[in-house]
Amino acid sequence: MTRCTVLLQILLPTLLLVSAITGADAGGIGVNYGTRGTTLPAPADVARFLTRDTIVDRVRLFDADPVLLQAFAGTGLAVDVTVPNGVVPRLVSLAFARRWVRDNVAPYAGATNISRLLVGDEVTTEANRTLLLALVPAMENLHTALVTASLHGRVKVSTTHSLGVLTTTEQPSAARFRDGYDTAIVRPMLRFLRATGAPFMVNAYPFYGLANDSSSLDFALFRVNDGVMDQGSGLVYGNMLDAQLDAVHSAVRRLGFGDVDIVVSETGWPSAGEDWEVGVGADLARDYNRNAIRHLGSGVGTPLMPNRTFEVSIFSLFDENLKPGPVSERNFGLFRGDMTPVYDVGIFTDPETLEPVSAKVTPAPSSPGAAAAPAAGRRQWCVPKPAADEMVLQENIDFACGQEGVDCAAIRPGGVCYEPDTVQGHAAYAMNLYFQSNGQHEYDCDFGQTGVVTTADPSYGGCKFM
């Protein structure tokens, strides 16, 4: 690949600066809302913050957590719900797919704008034959289940892909899907996406394409650079993200599905990392995310897909300190756990008058005497943390419902809070009942650090939380 200096690359930063941030609205700006952290705010506070104080219009969840789904009720934000990889093989059963939609989508779809079901995450690059072969049948069965529930008109089914599914991204015009995947998995998937009007979704990270030199960093960050020429097409690329997206487009078009829309389901940049990690830092993360949002929403498009906008979701909403791997993996967030920005990418509705949001989770006190009483006139409830283990939550249910004075009849079959029949939903009711019955002290909502106190009423329908 050769490099040539072109006027476009000289002007690119200026063009990005004058592009109005509202231009990105046409393509849509989303965030990936992960919950693998110990000090994350209550979901209802997150939903209110995103709706009130940002121009974000889409949120991706990494599972069908009922607390999260309920939190976004009435906000109007489009919600993409990820089906965990471990569930995907079971969806080859149509009966199971129908139950899954009945339990995890239908109860919330009336109030929450569930827009997509994403079947697994980066399944096409998993070294798991069972998972791979289940992917497309699972997508088809979920769509059929949505048809049965009369939800297919508003909820699309897709899945996310890493760039590892391609043979190359350095020569975009030459990119193709890996041998064996192209005809057995990707082609039938693209046929399904076209038939249902769903997009092909890609996780694109220029950060992971960095080489150990400054020119590579400039190319990734939309800075002034010499440009990179694709020898096959003769097109010159001024930034790495365009090259990655055009590589995806070339691979999709090569299979005959160039009309299927492409969406950036994840992109982002870490604000901190290990000493040996190239390009980490808050300023670099700010520059990348801000420029990516502006560029994809500007209408300029890419060399192979000109004059269009792209929907883009930034990874991620919060720093998540429980994620494994190098330090960078825990520092992709736009916000800290107390909802203060790590840096500003320009998504606030009114940055001049924005009031700080205080929603930090307070650890339980070491002794009952240290617990403060709830503020006068302010209601509080106890709910499970979004990432709490279901086995632990079942133990919480058994414990709470076994206490004198705690009546869990509402979450037993036929009870007003039995539906949705999920461990998370039943645990929320039981844990809150215990919390309320014992005086609403924070330590009564600890449950081995799986509970959190919230000021957002978790009641729904006929199910009222005391």
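This is a predicted model: local features need pLDDT of at least 70, side-chain atom pairs count only at pLDDT 80 or more; totals for chains, interfaces and linings use all residues.
**Arg-58 and its surroundings**

Colleague: What makes the link between the side chains of Arg-58 and Asp-80 a polar contact?

Modeller: The two side chains come to 2.7 Å, and a polar contact is a pair of N or O atoms within 3.5 Å; within protein, one must be able to donate a hydrogen and the other to accept it, and residues adjacent in sequence count only if both atoms are side-chain atoms. Residues are numbered from 1 along each chain as its sequence is written, and side-chain values use heavy atoms, leaving out hydrogens and water.

Colleague: Why is Arg-58 called buried?

Modeller: Its relative accessible area is 13%, and buried means under 20%, exposed over 50%, partly exposed in between (1.4 Å probe, protein chains only). Therefore Arg-58 counts as buried.

Colleague: Which residues does Arg-58 touch, not counting residues up to four places away in sequence?

Modeller: Contact means heavy atoms within 4.5 Å. Among those that Arg-58 touches are Ile-29, Leu-77, Asp-80, Arg-116 and Glu-311.

Colleague: Where is the place of Arg-58?

Modeller: Arg-58 is in strand E2, residues 58–61. Strands (E, at least two residues) and helices (H or I, at least four) are DSSP runs, numbered from the N terminus. The protein chain has twelve of each.

Colleague: How many residues of the protein chain count as buried?

Modeller: The share is 54% of the 466 residues.
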